Amino acid sequence: MFQAGNHDFQSDIEMLASSELVGTILETVMLATDTRFAAVARVTADRWVACRTVDEVNFGLASGDEIEIQSTFCQSVRESAQKVLFNDVATDDVYRNHPIAMKFGIVSYASIPILRSDGTFFGTLCAIDTVPRNIKHPRAVAMLEMFADLIGRSLETEERLSAQEELVENERRLARLQEEFVAVLGHDLRNPVAAFEAGLRQLGHEPLSDRGNTLLSLMRATVRRMNDLIENIMLHAKNRLGGGLRISAVPDAPLAQAITEVVEEIRAATPEQEIRLDLAFDRPVSCDPARVAQAVSNLLSNAARHSLPGTPVELHGTVEGGVTLITVSNHGEEVPESVRERLFKPFERGSEERGEGLGLGLYIAASIATAHGGRIAVDCEGGVTRFTLSLPVLPAEA
């Protein structure tokens, strides 16, 4: 049953059979008592189960093996919580010619109760031989009792560790299910949003009143926001479920074009927000332009949401010393130091009062920077908040 993995005491046997500490204890017990068999047994009212053995006598007992409880001295150890010791069964006053000893050819014997820290009985630590040994020597007895106590304490430690590991594994499993749900949700939301966006494009070709054009502009902004949220959800799910965010560096990437397209999209969706663009990439840039554009889109959207009314959002891009620098700045409330430390963590928001969305935008932007071997820094000075995306110019094979 143990080998098949369905023993009643499977976890107890596995715990002790794999413990380096218990193995060392049994070897030390045999050396100290000069016996040739040592074991830790799980003992109940009606069962004796070997959990870990060292057998040089060839009793034939291995982990998971059982013998009848009536055929052991451990039954009395369990009932009395007192140890059983004899050096030579032929001369011992208590156990002379004992039927159990006669049945198995046991001459010298020690059985020490193993108690958990709460006092409950677990089993026994045994040392046995078929020839006389000085097991009852005070030093040997003290050592056996110490080892039994150590095993009892280690049992509780192992059980707590096992329970904690199981809890962590359950939490990981639950987290993965949640991430898979988010990925499926994001995927399934794409089609209806795409259909809605196509409908808005068709409406844009129809004659509309001033109020209709205003509403259409607001709806376009909402659709863009929905697309941003869905894209961030999908990328977060891929990042978590796929073991990390992957990029494909393109030599001489059309980065300026990709960023310009993002800026035009945001301008169209938020006509009330002025966005100033200044790109000066004076040399070829090797990067993943689509991913960098997504990071820039998230930074711009964040800047626009937190910008003071009537103030511009500015985007500057340069290449300096082999590093691509893209800075997005806006005028608004200074981001507190305590908030800056967690801005780039998933599901965090920069402002409790004005927090919108899922809090994934800056996290995704930072993940894209990290995937490029770069970083995002934030600083606030004179009422201006700047997010600087720094990317090393990657070789194409990266």
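This is a predicted model: local features need pLDDT of at least 70, side-chain atom pairs count only at pLDDT 80 or more; totals for chains, interfaces and linings use all residues.
Residues are numbered from 1 along each chain as its sequence is written, and side-chain values use heavy atoms, with hydrogens and water left out.

Helices (H or I, at least four residues) and strands (E, at least two) are DSSP runs numbered from the N terminus, and two strands are taken to pair if DSSP finds at least two bridges between them. On this basis, six strands form an open sheet with antiparallel pairing, in the order β3-β2-β1-β6-β5-β4. Because β3 (66-67) and β4 (84-86) stand at the edges and each has a single partner strand, one side of each is left without a neighbour in the sheet. Within the sheet, strand β1 (residues 37-43) runs antiparallel to strand β6 (residues 121-129), to which six bridges join it; A39 has C126 of β6 as its bridge partner. Helix α1 (residues 10-17) lies across β1, β2 (48-55) and β6, and runs at about 15 degrees to β2, where contact means heavy atoms within 4.5 Å and the angle, on a scale from 0 to 180 degrees, is taken between the N-to-C directions of axes fitted to C-alpha atoms, for helices over the stretch in contact.

A further antiparallel pair is made by β10 and strand β11 (residues 384-392), over seven bridges, with I376 standing opposite L389 in β11. Two residues lie between the strands of this hairpin, in which G382 takes a positive phi near 60 degrees. In a regular strand the side chains alternate between the two faces of the sheet.

A search of the whole structure gave 17 salt bridges, each defined as a side-chain nitrogen of Lys or Arg within 4 Å of a carboxyl oxygen of Asp or Glu. In one of them, the closest N and O atoms of R36 and D129 are 2.7 Å apart; this pair links distant parts of the chain, R36 being in the loop between α2 (20-33) and β1 and D129 in strand β6, 93 residues apart. R36 is partly exposed at 27% relative accessible area, whereas D129 is buried at 0%. Both residues belong to a network of salt bridges that links D34, R36, D129 and R133. Within helix α5, D149 and R153 lie four residues apart, about one turn of the helix, and form a salt bridge with closest N and O atoms 3.0 Å apart.

On the surface, F196, L215, L218 and M219 form a nonpolar patch with about 340 Å² of accessible area together. Such patches comprise residues with over 30% relative accessible area and no salt bridge, nonpolar side chains (Val, Leu, Ile, Met, Phe, Trp, Tyr) being joined within 5 Å and like charges within 9 Å; areas come from the Shrake-Rupley method with a 1.4 Å probe, and for residues only the protein chains shown count as cover. Helix α6 (residues 210-241) gives the most to this patch, with three residues. M219 lies in helix α6 and counts as partly exposed at 31% relative accessibility.

Key
Buried means under 20% relative accessible area, exposed over 50%, partly exposed in between (1.4 Å probe, protein chains only).
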